[in-house]
Amino acid sequence: MAALFGDAAVTGALFVQAAPQKPAVVISERLASDTPRATAAFMEVHAADATAAVGAAWAAFRPAEHRPQKLTNATPARDGWEERQLFDYETSPTERAEAQAIALRAGGAGTVLILDGATTAFEKWAAQLSLIAQSLRPKGYQPLPSTPQRLEMLRTFLAESIRKLGVPGAGLALVDGGRVVCEGGIGVRPLGQLAQVDR
């Protein structure tokens, strides 16, 4: 799919609809009339910024729908994304509906996730949708490797944090690529004693 909307281009889309009374996500264009509607739409969008990307995504997803924007929340860059924003939209109390968009951008390209539908459906699928949203990465993303220097930085940060918080000790384990790259402990077990935390 490719479409142009002003200065933004939607180049790909996947629509996933969740049926709340069924044990799995159902990919389809239409659900039974007695099923609360809930749609998660993933779109690849090329735009100058998050606002333009979300506008293009909504225009491709539901061209006739124009919900007033209630809140925009920018979150720190992470996982290869340079810009991450959450857009919340107003819905009427009688609708019992949710409307959100999450814009993730790296360079001129990005992904927009639109969540639109019944509140009850999103309450049921909140954990799954959160996992999906948190798992999205830009094309070509490579996480930073777990080098000895980075592991030492992590241990130093943890040691400083437990000291500031007055915590006697903490266990640490780090898994990278399915293998344990660091494990052990920092500090002592009971406060005032010398027994080291070792796991």
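**A walk through salt bridges and a helix**

At 0% relative accessibility, Asp116 counts as buried, where buried means under 20% relative accessible area, exposed means over 50%, and partly exposed lies in between (1.4 Å probe, protein chains only). Before we go on, a word on where this comes from: this is a predicted model, in which local features need pLDDT of at least 70, side-chain atom pairs count only at pLDDT 80 or more, and totals for chains, interfaces and linings use all residues. Residues are numbered from 1 along each chain as its sequence is written, and side-chain values use heavy atoms, with hydrogens and water left out.

Now back to Asp116. Its partner is Arg67, and the two form a salt bridge whose closest N and O atoms are 4.0 Å apart; the term stands for a side-chain nitrogen of Lys or Arg within 4 Å of a carboxyl oxygen of Asp or Glu. Arg67 lies in the loop between helix 1 (50-61) and strand 5 (69-75), while Asp116 sits in strand 8 (residues 109-118), so the pair ties together parts that are 49 residues apart in sequence. Helices (H or I, at least four residues) and strands (E, at least two) are DSSP runs, numbered from the N terminus.

By this rule, the count comes to 9 salt bridges. Another one joins Arg62 and Glu65, with their closest N and O atoms 4.0 Å apart. Arg62 is partly exposed at 21%, and Glu65 is partly exposed at 23%.

Next, find helix 4. Arg163 and Glu160 both lie in this helix (residues 148-165), 3 residues apart, about one turn. Their side chains meet in a salt bridge of 2.5 Å, N to O. Arg163 counts as exposed at 56% relative accessibility, whereas Glu160 is partly exposed at 33%. Salt bridges that share partners also join Arg62, Glu65, Arg67, Glu95 and Asp116 into one network.

How far should the 18 residues of helix 4 span? At 1.5 Å a residue the answer is 26 Å, and the end C-alpha atoms are 26 Å apart, which agrees; the expected span is 1.5 Å times one less than the number of residues.

Which residues of helix 4 are buried? They are Leu151, Ser161 and Ile162. These cover an arc of only 95° around the axis, which puts them on the same side of helix 4; the arc is that of the directions from the helix axis to the C-beta atoms. On the other side, exposed residues include Gln149 and Phe157. Just after helix 4, Gly166 takes a positive phi of about 75°.
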